[in-house]
Protein chains: 6
Amino acid sequence: MKIVTLGEIMARFSTTAGNRLAQAEHFQVVYGGGEANVAISLANFGHEVAFASKVPENPLGEAVKRHLNSYGVSTEFLLKGGSRLGTYYMEAGVGERGAAVFFDRAGSSFAEMLEIEWELAEMFKGVDLFHISGIAPAVSLKWRELTLELVKAAKSAGCQISFDVNYRGKMWTQAECGAVIQTILPYVDYCSAGHMDALYLLGIPKAPEEISDKLVYYYEKMSALFPNIKLFYATKREVISSSHNKLTGHIWSKTDGIFTSKTHDITPIVDRVGGGDAFSGGVLHGLLSDWSLQKTIDFGTAASSLKHTIHGDTNQFSEKEVLDFARSGSGAIQR
Amino acid sequence: MKIVTLGEIMARFSTTAGNRLAQAEHFQVVYGGGEANVAISLANFGHEVAFASKVPENPLGEAVKRHLNSYGVSTEFLLKGGSRLGTYYMEAGVGERGAAVFFDRAGSSFAEMLEIEWELAEMFKGVDLFHISGIAPAVSLKWRELTLELVKAAKSAGCQISFDVNYRGKMWTQAECGAVIQTILPYVDYCSAGHMDALYLLGIPKAPEEISDKLVYYYEKMSALFPNIKLFYATKREVISSSHNKLTGHIWSKTDGIFTSKTHDITPIVDRVGGGDAFSGGVLHGLLSDWSLQKTIDFGTAASSLKHTIHGDTNQFSEKEVLDFARSGSGAIQR
Amino acid sequence: MKIVTLGEIMARFSTTAGNRLAQAEHFQVVYGGGEANVAISLANFGHEVAFASKVPENPLGEAVKRHLNSYGVSTEFLLKGGSRLGTYYMEAGVGERGAAVFFDRAGSSFAEMLEIEWELAEMFKGVDLFHISGIAPAVSLKWRELTLELVKAAKSAGCQISFDVNYRGKMWTQAECGAVIQTILPYVDYCSAGHMDALYLLGIPKAPEEISDKLVYYYEKMSALFPNIKLFYATKREVISSSHNKLTGHIWSKTDGIFTSKTHDITPIVDRVGGGDAFSGGVLHGLLSDWSLQKTIDFGTAASSLKHTIHGDTNQFSEKEVLDFARSGSGAIQR
Amino acid sequence: MKIVTLGEIMARFSTTAGNRLAQAEHFQVVYGGGEANVAISLANFGHEVAFASKVPENPLGEAVKRHLNSYGVSTEFLLKGGSRLGTYYMEAGVGERGAAVFFDRAGSSFAEMLEIEWELAEMFKGVDLFHISGIAPAVSLKWRELTLELVKAAKSAGCQISFDVNYRGKMWTQAECGAVIQTILPYVDYCSAGHMDALYLLGIPKAPEEISDKLVYYYEKMSALFPNIKLFYATKREVISSSHNKLTGHIWSKTDGIFTSKTHDITPIVDRVGGGDAFSGGVLHGLLSDWSLQKTIDFGTAASSLKHTIHGDTNQFSEKEVLDFARSGSGAIQR
Amino acid sequence: MKIVTLGEIMARFSTTAGNRLAQAEHFQVVYGGGEANVAISLANFGHEVAFASKVPENPLGEAVKRHLNSYGVSTEFLLKGGSRLGTYYMEAGVGERGAAVFFDRAGSSFAEMLEIEWELAEMFKGVDLFHISGIAPAVSLKWRELTLELVKAAKSAGCQISFDVNYRGKMWTQAECGAVIQTILPYVDYCSAGHMDALYLLGIPKAPEEISDKLVYYYEKMSALFPNIKLFYATKREVISSSHNKLTGHIWSKTDGIFTSKTHDITPIVDRVGGGDAFSGGVLHGLLSDWSLQKTIDFGTAASSLKHTIHGDTNQFSEKEVLDFARSGSGAIQR
Amino acid sequence: MKIVTLGEIMARFSTTAGNRLAQAEHFQVVYGGGEANVAISLANFGHEVAFASKVPENPLGEAVKRHLNSYGVSTEFLLKGGSRLGTYYMEAGVGERGAAVFFDRAGSSFAEMLEIEWELAEMFKGVDLFHISGIAPAVSLKWRELTLELVKAAKSAGCQISFDVNYRGKMWTQAECGAVIQTILPYVDYCSAGHMDALYLLGIPKAPEEISDKLVYYYEKMSALFPNIKLFYATKREVISSSHNKLTGHIWSKTDGIFTSKTHDITPIVDRVGGGDAFSGGVLHGLLSDWSLQKTIDFGTAASSLKHTIHGDTNQFSEKEVLDFARSGSGAIQR
């Protein structure tokens with residue numbers, strides 16, 4: 001299948017676990033962003049994927065291009081220009097201590113865009129799926145408009161629309177986010193969203209105590225609001241510590257109801273950044289492959305679990321590796 | 001508040017976890033010592049702190065100075081001279097395998113001191129708290145006298161005295177230590193000591209089986225011996241493995257009785273050296289800030305838990321970071 | 001005691017945990033092989049050990065020689081010549097994700113040997129124990145013959161024979177392996193083998209449900225087939241994840257029955273490669289030292305557990321360190 | 001322009017300068033090969049380039065693919081299969097001590113190819129230039145045939161043919177090489193060759209003493225033998241030490257005669273592997289860009305000089321960077 | 001002596017020599033800026049120094065504080081606040097290839113300052129020397145005013161004024177710079193400036209050919225324009241390559257004329273960033289120490305040469321080390 | 001041949017070039033000492049060599065043992081015991097800046113020895129050559145006696161005696177050294193000494209100006225004093241900078257006169273520590289191999305030059321590698 005994802009991509013500077021940023025003499029550098037991470041996942045799974053964004057004409061912009069190209073993601077729509085690449089700094093969490101992140105993303109080439117600079121007709125030609133997240137409209141007031149414009153254009157061009165709500169409290173308020181995504185959701189086919197999004201962004205009332213499967217309740221309510229959305233999916237993450245999470249995936253369709261993956265016991269966690277994107281990438285791959293929803297959610301959750309075991313934002317596993325892991329996941333050596 | 005701590009500071013040479021000293025081609029170097037670590041903790045928490053010691057006039061002595069200065073600790077009373085910096089080598093423990101440490105500290109500039117080389121009137125002028133530990137008198141016969149001399153001088157100068165028993169079996173016998181600390185304790189206001197110290201250093205008889213809170217029993221007995229001591233505090237450490245400890249803090253005052261922190265589940269442990277000093281630093285900060293004993297013990301134990309998650313002897317967290325951690329400690333990323 | 005072990009030794013190229021091979025800019029290099037690892041363990045425990053093999057006349061061959069020599073293993077019988085050193089690549093497992101290994105061992109100097117190139121009379125002169133594993137006959141058709149020839153020659157020379165079945169499914173089928181080891185086992189004194197070997201290589205029928213100690217059942221059956229074998233031993237490994245295993249050792253003798261070690265809870269695992277060889281090395285040391293079987297199995301399992309806590313194939317611990325660990329294993333620092 | 005290059009690509013394992021292979025605990029890994037390096041250079045200069053080869057279906061094969069893709073080189077014709085990736089090991093030279101290299105390339109997926117596995121019509125469709133070197137026919141007897149077959153097919157499909165003689169004495173004799181390249185040269189348009197190739201591979205008699213520009217003499221003789229060849233080019237390298245070379249480029253055309261670049265004084269040399277390929281890539285870019293021969297040889301020699309200043313086989317500089325360097329090359333910081 | 005320096009301080013991210021930014025997986029991080037570097041030099045030489053600037057309230061701001069404190073520089077006037085720390089990226093030059101630098105400094109906490117936020121009376125109280133450079137007024141239009149305001153205030157408070165012209169073509173034009181510094185120079189006592197500054201910033205006509213010592217000519221002309229300036233000084237740098245420079249220092253006073261240091265032959269260059277600041281620091285130390293101008297220029301040039309041999313912006317050498325080096329500089333080991 | 005060398009061996013802690021000790025977070029660790037380095041050289045050249053010394057019973061002592069064993073040097077006479085391993089710290093020199101070294105060797109296991117602890121009859125049995133240097137008697141007053149005792153015992157046992165004067169000004173005065181070595185030299189067969197030793201240790205008067213080959217003059221004078229010495233040898237080192245030396249070797253025999261090697265131009269220097277020991281090792285190998293003095297001095301000087309190109313004290317090159325280098329030394333790659 002042919003896929004376009006679009007969003008901001010940033011450089012992440014981090015220390016090795018157990019070392020603080022203010023003390024560091026070296027930073028590890030990786031490049032990532034929600035939509036870029038999904039693009040790479042889908043390319044690893046064999047799809048023809050382009051990632052659209054804007055990065056500066058400097059070595060960091062070039063590094064972004066090489067990063068994407070190395071996984072076979074097309075950078076035909078990766079614009080070069082503007083002021084700078086957004087960056088953020090991260091101190092990995094350990095045990096009870098959570099990760100600490102601070103952003104230096106203002107004034108980035110992407111955030112400063114004032115109009116659609118891509119030739120949309122060309123970009124969406126023959127594209128099966130367009131994926132974008134709720135981070136894009138959060139980067140600037142202008143991007144609230146541009147995101148909607150892109151989604152509409154993609155829809156008109158015949159793409160399926162995939163949207164990951166991905167609410168970030170450091171970027172905007174729930175009210176701001178809610179207002180914006182309600183303009184976007186009427187165009188969406190596949191939506192990654194959870195019960196918090198229902199409650200705080202869409203204003204859906206709290207599920208009554210007596211309802212046993214609350215996620216189904218929220219998905220039904222959201223589906224009533226946006227009947228165009230065919231599928232909702234989300235992970236439930238139980239945070240035992242920074243180094244130990246339990247992860248379960250859920251997918252729900254109007255027609256088939258809810259499907260739940262096995263719960264992955266992830267310990268130790270190497271790097272959880274990009275775990276949600278790996279999940280989305282995995283679920284979208286299942287959907288694009290016409291797999292059953294059970295196989296799809298098992299695959300997506302397995303992909304996300306695998307991502308937690310490697311450094312960087314990027315899920316580097318092939319379809320075969322994810323399937324093998326989903327099947328066995330034993331931790332044994334083969335030799 | 002204005003604080004002076006005094007003691008030996010050494011270079012620690014260690015390998016990365018999973019590598020043995022005899023095989024290593026590189027050693028990590030950090031500088032630390034009980035009283036120096038407390039000094040840095042207190043400087044991080046906003047106090048005006050000086051660390052007094054003696055280090056050689058060579059690059060390692062200079063490194064010690066920069067280490068302390070970088071955290072804002074004054075080195076006005078860090079003497080330069082003598083033969084060498086004490087060193088020790090450490091192989092980090094992993095799982096069931098404990099850490100292995102061997103010392104090469106004989107003949108250090110500090111240990112070879114034969115008299116008080118600081119101008120005490122100047123050093124203790126305006127100082128609120130003087131902190132020293134039971135390691136100082138253990139380094140030489142001479143230091144048994146010097147420690148007492150220092151404590152008395154500080155007391156006379158109007159400082160509160162903080163003493164951390166910190167018994168080290170590789171340095172002297174329980175009998176030797178007991179004899180010495182009994183000369184010191186009559187001048188002490190705040191004492192970090194546990195039930196083992198009561199039993200084996202102070203000769204307090206074993207608590208009868210029927211007593212439920214044995215720590216209170218021992219603190220009461222110690223308090224009876226040294227009624228000048230206002231507060232005792234200690235951590236209880238449950239060692240599940242080198243990589244997994246549970247840590248609970250206790251503080252007891254004659255007037256208010258016992259206060260207990262929540263139990264921190266520390267796994268994985270990055271580096272436990274300095275964990276006790278971070279605890280003392282945290283507790284002393286609470287006391288100097290006139291916090292409640294409950295808040296004080298929660299803060300001290302949180303500070304100690306945080307220390308276990310970073311490399312080096314030094315607690316690099318600010319008051320705000322420790323308070324945030326004590327409050328949440330969830331292991332979640334904020335973004 | 002004087003010991004010879006013989007087999008292939010390879011270079012292992014690996015990434016640090018959390019990084020994939022296809023992304024790596026550096027590989028860690030260690031050298032190892034089942035019989036070489038046993039040789040080093042036994043040398044560490046104080047025996048006079050030689051390792052016989054064939055490696056190329058190039059820097060990797062030289063590195064193998066230095067590796068062995070550094071632990072005091074004699075390389076008098078390490079032949080130089082042939083085409084190349086076998087290599088393999090390994091991505092360490094993390095949590096649920098198992099390690100991934102791929103081999104590049106075809107055409108190695110050892111595998112290409114066509115005849116016995118050692119002067120056997122000299123090599124086995126005064127040797128108490130000859131150790132070899134089921135990997136040697138798996139490397140080539142020729143080596144199925146050569147292995148038997150070596151075992152017979154050692155036996156004739158008066159050596160005790162130690163054999164570790166070590167079945168590797170990537171090298172040959174169970175049928176092939178079974179046929180070959182049945183020619184070897186009649187000469188063996190000490191055999192490392194488990195119930196899977198009994199079932200799938202020796203064709204022993206499955207133990208009836210009602211038998212409580214199934215391992216004893218299989219050992220008795222194997223003993224009936226090969227009454228010359230004095231001892232069988234094996235570990236039972238419970239794989240909770242790649243990072244967490246539980247390990248229990250068992251040893252059985254015809255005369256004394258079964259002995260079982262305590263169960264070691266190994267978490268985190270630093271590197272499990274060589275864990276089985278450390279076990280064999282430890283058990284053989286106990287046998288060569290005339291220890292009780294209980295002490296022997298405790299020692300072997302402790303040695304294996306320790307190996308899991310360090311990088312590389314090689315058990316770097318002395319007899320004293322293993323005994324101390326077996327006794328305490330508390331995870332506490334001594335200082 | 002559209003370009004295809006074809007040849008073997010290998011993994012290079014090396015130590016950092018000043019460290020020997022037999023002592024190393026880590027190897028740096030880079031991927032490269034003559035034709036692959038030319039492909040990357042040309043892609044960096046803005047051309048549409050595909051690299052054709054065969055690599056194994058394992059992480060090293062995947063790493064090769066990512067390496068090429070990251071520079072925008074198409075891997076549409078990078079076949080996956082066969083046994084292994086060829087490897088070689090290198091100890092960097094320092095000062096008077098030359099680099100030491102040993103190969104472990106036998107049995108590679110590329111070397112074991114027995115027939116053309118690419119769909120040549122598709123591969124050469126619309127291609128302007130096909131580049132291959134004298135290393136390809138050196139890998140096996142079969143490849144002597146296959147190389148000729150490829151060159152003929154490319155010629156028939158309308159490609160210009162670029163050939164780099166690249167004689168490697170460790171792979172075959174001068175006589176063998178000479179015989180083979182004489183079958184290839186009749187199809188070649190652009191040829192990288194020097195006076196040694198003329199003398200020892202093509203049997204051209206030594207230039208008489210009285211001839212002042214001997215390179216022109218040899219190029220004229222070669223041109224007489226292969227009148228189809230439009231251009232010859234080569235560098236002259238003066239080796240002062242491993243760390244210091246002087247490099248001058250020469251290009252000669254039948255119609256325009258000889259052009260010589262400035263002499264680059266390269267010290268220190270970071271990594272000279274791939275220097276010749278960077279030269280070829282630069283010269284070919286000039287030719288494909290219809291630059292003057294003077295500009296072409298200046299560009300090619302500058303590109304080669306730049307390559308010597310970075311690690312790895314790959315020239316990572318853009319056309320603009322090479323032009324800027326050729327112009328200034330001052331060693332000054334711009335800020 | 002008591003000194004205040006003031007200016008922007010940034011994080012420098014760089015790769016190791018021979019590696020490009022776009023390929024890097026790690027960046028080295030150092031902190032520096034012209035005035036901060038001078039502050040550290042002077043603190044190393046035994047003065048009481050404060051560095052005034054503004055950095056964000058985040059780990060990078062904290063790292064700046066620790067960096068300065070570690071050398072004993074006071075951060076009493078290091079304001080915390082604003083948006084971000086300015087950063088720049090650098091690829092070290094090698095041989096003929098110059099270093100490549102790109103800046104990401106817009107919107108920094110320092111550059112965004114709109115008014116003097118320091119309590120100047122307090123900051124300049126008892127201060128002997130105030131040092132600032134031409135980079136400060138280049139960061140914003142506002143800073144052109146603020147710099148002048150600071151210089152005037154310092155002068156009024158009785159400080160000597162040290163000014164380093166330090167023209168940066170990437171920040172402003174020669175015309176802009178010239179206009180601004182002509183407002184500042186009337187307050188300056190010690191000025192680091194060269195003949196280029198005379199020609200292009202101050203519009204002094206080119207020295208006639210027949211004048212032998214042109215630098216004296218320019219200094220005399222500048223001195224005529226700004227008779228308040230007691231001393232001018234500059235280095236002459238002969239750039240043989242990025243790895244090899246020759247460096248000579250010159251100092252000129254109205255009363256004593258010109259003094260010239262020996263020429264240092266610097267090869268290899270480890271890191272030349274901060275070389276000019278080390279020179280200024282060294283010269284200012286000589287002036288503050290009332291040394292002869294010959295000793296002063298020898299010391300300053302030696303300090304600068306030493307700086308080229310270590311990583312980072314910071315001259316880490318003590319007065320004694322610089323004097324020893326200036327005296328011997330032989331390259332021999334003492335043991 | 002069978003050789004014993006004896007002396008102190010220490011751990012060297014160093015930073016990477018361009019980084020200062022006081023700033024370092026990691027130290028590189030290598031083990032070496034004059035006599036140990038000679039032992040390894042001779043073992044690399046194929047001799048049967050034992051190194052005798054005393055090291056502590058701790059991981060550093062164990063590391064020394066493994067270091068020696070890895071090169072095939074016997075540690076049968078490496079005693080374990082005493083307090084500590086001597087250490088020293090080194091900042092590599094760069095360009096004009098010389099290396100900085102400081103020692104922490106007091107109280108080492110070797111230096112504290114009070115009597116001969118080896119069984120000399122056994123140690124010298126069948127030994128052809130005993131090598132020791134002037135560092136051994138410098139470590140303590142006791143060692144001045146012990147060294148002589150060893151030399152006499154070796155002589156009595158029929159060993160040839162090799163002595164390297166190796167005067168270290170940081171350890172003792174010229175007068176002290178001179179007195180001691182004059183007691184040793186009467187037993188010596190091969191002596192590494194230069195004209196400085198003649199002048200300042202042996203009190204030989206300065207050579208008259210008119211004598212052209214002054215080294216011959218001094219060797220003749222020394223030979224007159226100690227007619228038992230068959231050979232003197234030394235290098236002449238021209239120090240252009242820390243990174244660039246020129247090295248020429250000289251050997252002189254009473255019977256055959258002077259022989260001089262080619263001059264090696266060593267730039268860059270990776271690590272010059274151990275360069276003199278590599279020279280002695282090379283010369284001794286030539287003597288033990290009955291090579292001509294010309295071949296011997298060429299080999300020794302080549303070995304020393306090679307040593308300068310690798311990290312660590314240890315010459316890691318084989319006889320063949322040194323011979324190849326002595327022959328070509330071109331700096332070219334072979335491939």
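What follows is a close look at helix α9 of chain F, residues 293–307.

A: Happy to. A bit of housekeeping first: residues count from 1 along each chain as its sequence is written, while chains are lettered from A and ligands numbered from 1 in the order in which they are written. This is a predicted model, where local features need pLDDT of at least 70, side-chain atom pairs count only at pLDDT 80 or more, and totals for chains, interfaces and linings use all residues; side-chain values use heavy atoms, with hydrogens and water left out.

The model scores ipTM 0.94 and pTM 0.96. For chain A, the mean pLDDT (the predictor's confidence in each residue, from 0 to 100) is 96, and 98% of its residues reach 70 or more.

Now the helix. Helices here are DSSP runs of H or I with at least four residues, strands are runs of E with at least two, and both are numbered from the N terminus. With 15 residues, α9(F) spans 21 Å from its first C-alpha to its last, close to the 21 Å expected; that expectation is 1.5 Å times one less than the number of residues.

Twelve of those 15 residues are buried, so α9(F) is largely enclosed by the rest of the structure. Buried means under 20% relative accessible area, exposed over 50%, and partly exposed in between, using a 1.4 Å probe and protein chains only. Among the buried ones are F:Leu293, F:Ile297, F:Phe299, F:Gly300 and F:Leu306. Their cover includes strands β11, β12, β13 and β14 plus helices α8 and α10, all in chain F; contact means heavy atoms within 4.5 Å.

Let's stay with α10(F). Two packed helices are described by the angle between their axes and the distance between the axes. The axes are lines fitted to C-alpha atoms, for helices over the stretch in contact, with angles running from 0 to 180 degrees between N-to-C directions. Here α9(F) and α10(F) pack at about 100°, their axes 9 Å apart.

On the α9(F) side, F:Lys295, F:Phe299, F:Ala302, F:Ala303, F:Ser305 and F:Leu306 meet α10(F) residues including F:Glu319, F:Val322 and F:Phe325. By class, this contact has eight nonpolar, one polar and three charged residues. Nonpolar covers Ala, Val, Leu, Ile, Met, Phe, Trp, Tyr, Cys and Pro; charged covers Asp, Glu, Lys and Arg; the others, Gly among them, are polar.
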